Amino acid sequence: MGKIILTGDRPTGRLHVGHYVGSLKRRVELQNSGNFDEIYIMIADAQALTDNWDNPEKIRTNIIEVALDYMSAGLDPAKCHMLIQSQVTELTELTFYYMNLVTVSRLQRNPTVKSEIQLRNFETSIPVGFFCYPISQAADITAFKATTVPAGEDQEPMLEQTREIVHSFNRIYGETLVEPEILLPENKYQMRLPGTDGKAKMSKSLGNCIYLADPEDVVKKKVMGMFTDPNHLRVQDPGRVEGNPVFIYLEAFSKPEQFAEYAPEYANLQEMEDHYRRGGLGDVKVKKFLLNVLNEELDPIRKRRHELEKDIPAVYDVLKEGTEAAREKAGQTLAEVKSAMRINYFDDPELIRSQAEKYASENK
Ligand code: TRP
């Protein structure tokens, strides 16, 4: 059986470097590895609406932002299908049938849903659509017969829920759906990049993100203003590397050969860190190095984005074609699901024949 990838993002804003090291870069590598037969990258607008139903304009305008970020980071429409979730109506249909296989208490136990309910102050009144989004996510994954879902560990409960749905479905209706596996990030920096302010997570609402689309001068301002070790006041003071976002970014982004080029007094990151710990290495110097490192990664992305921005209709065409391919695949799965569930009445000559026969003999 072929290996198939499905993954995606909610289009609630532009993607930042945290998304990039955490998932986007990996997707591009997986795409180029040649190890997968089909790759679907989904802009999950319908899921985004489950907690943004009152602001569809936000979702609508961010679809193109995410698509531009995808393609400028290296996702290639010749190698993967980029699609818009809401336009694959088969997904909604699958969701409805899967709802029969999940209990309310099981959804309430989903840890990701639990913490999101708290985050959004939904405790007293949870919208049904939001509550059911793990079921819709199971539809996303199974519609494409995905074997592999590259995602962060926060998505683990969604995969667990999906596997349960797959098991129930296959047990009740016969072997139809494919059980997916999560593909977790390989190292801790891919798991979570802190914000420029040192807070645990980059988040748009905290204003502590470096976006893939940020121009060079904006990145410079953000990097030079980054939080470091608050006790490292003078250059000669010893500094802390642990929990210092400047060093965390360096661990996530710097390559050994960049030291020779931009900071030749150090052979590698270890030596730079040791100097910082001892004292005598100023923040400004480390930040300037980080800026060079980041720009090396971001420059080609910015250039590609700039080119893509010149022909926005072409980017929508990519999404349209990706969505058409996705509908084709999801349509096949939906047909198999309906046939397994015995709700394919018009495609079932045996049903019509046997009912006709029954009435023919009754009315003899
Ligand atoms: N829940 C994911 C997120 O918040 C987005 C998503 C929707 C997704 N459907 C998916 C991820 C299916 C992986 C597989 O980022």
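The lining of the second largest pocket draws at least two residues from each of α2 (45-49), α4 (89-98), α7 (128-131) and α8 (133-143), where helices (H or I, at least four residues) and strands (E, at least two) are DSSP runs numbered from the N terminus. The model is a predicted one, in which local features need pLDDT of at least 70 and side-chain atom pairs count only at pLDDT 80 or more, while totals for chains, interfaces and linings use all residues. Residues are numbered from 1 along each chain as its sequence is written, and side-chain values use heavy atoms, with hydrogens and water left out.

**The second largest pocket**

- A pocket is, on a 1 Å grid over the protein atoms alone, an open set of points with protein on both sides within 12 Å along at least five of seven lines, whereas a cavity is a set of points where a 1.4 Å probe fits but cannot get out; lining residues have an atom within 4 Å of a point.
- The second largest pocket has a volume of about 270 Å³, a volume being the space filled by probe spheres set on the points, with grid points joined across faces, edges and corners.
- Its lining is made up of 16 residues, and those nearest the centre of the pocket are A46, T50, T92, T95 and S136.
- Sorted by class, this lining holds seven nonpolar, eight polar and one charged residues, where Ala, Val, Leu, Ile, Met, Phe, Trp, Tyr, Cys and Pro count as nonpolar, Asp, Glu, Lys and Arg as charged, and the others, Gly among them, as polar.

**The cavity**

- Rolling a probe the size of a water molecule over the atoms shows where empty space is left.
- The count of cavities of 30 Å³ or more comes to one, and the largest cavity has a volume of about 50 Å³.
- The largest cavity is lined by G22, S23, R26, P150, A151, G152, L183 and P185, and helix α1 (residues 17-33) gives the largest share of that lining, with three residues.
- By class, four nonpolar, three polar and one charged residues make up the lining of the largest cavity.

- The axes of α4 and α16 come within 9 Å and cross at roughly 30 degrees, axes being lines fitted to C-alpha atoms, for helices over the stretch in contact, with angles that run from 0 to 180 degrees between N-to-C directions.
- That angle makes α4 roughly parallel to α16, since angles under 35 degrees count as roughly parallel, over 145 as roughly antiparallel, 65 to 115 as roughly perpendicular and the rest as oblique.
- α4 passes α16 in a left-handed crossing, which is one where the near helix is turned anticlockwise from the far one by less than a right angle, a right-handed one being clockwise.
- For helix α3 (residues 56-73) and helix α15 (residues 283-309), the axes come within 8 Å and cross at roughly 130 degrees.
- This makes α3 oblique to α15, and α3 passes α15 in a right-handed crossing.

**Loop residues**

- Most residues other than glycine have a negative phi.
- N121, which is not a glycine, has a positive phi of about 55 degrees; N121 sits in the loop between α6 (111-119) and α7 and is exposed, with a relative accessible area of 62%, where buried means under 20%, exposed over 50% and partly exposed in between (1.4 Å probe, protein chains only).
- R342, a residue other than glycine, has a positive phi near 65 degrees; R342 lies in the loop between α16 (312-340) and α17 (349-362) and counts as exposed at 62% relative accessibility.
- Y345 is in the loop between α16 and α17 and counts as partly exposed at 43% relative accessibility.
- The C-alpha atoms of Y345 and A252 are separated by 55 Å, with the two residues 93 residues apart along the chain.
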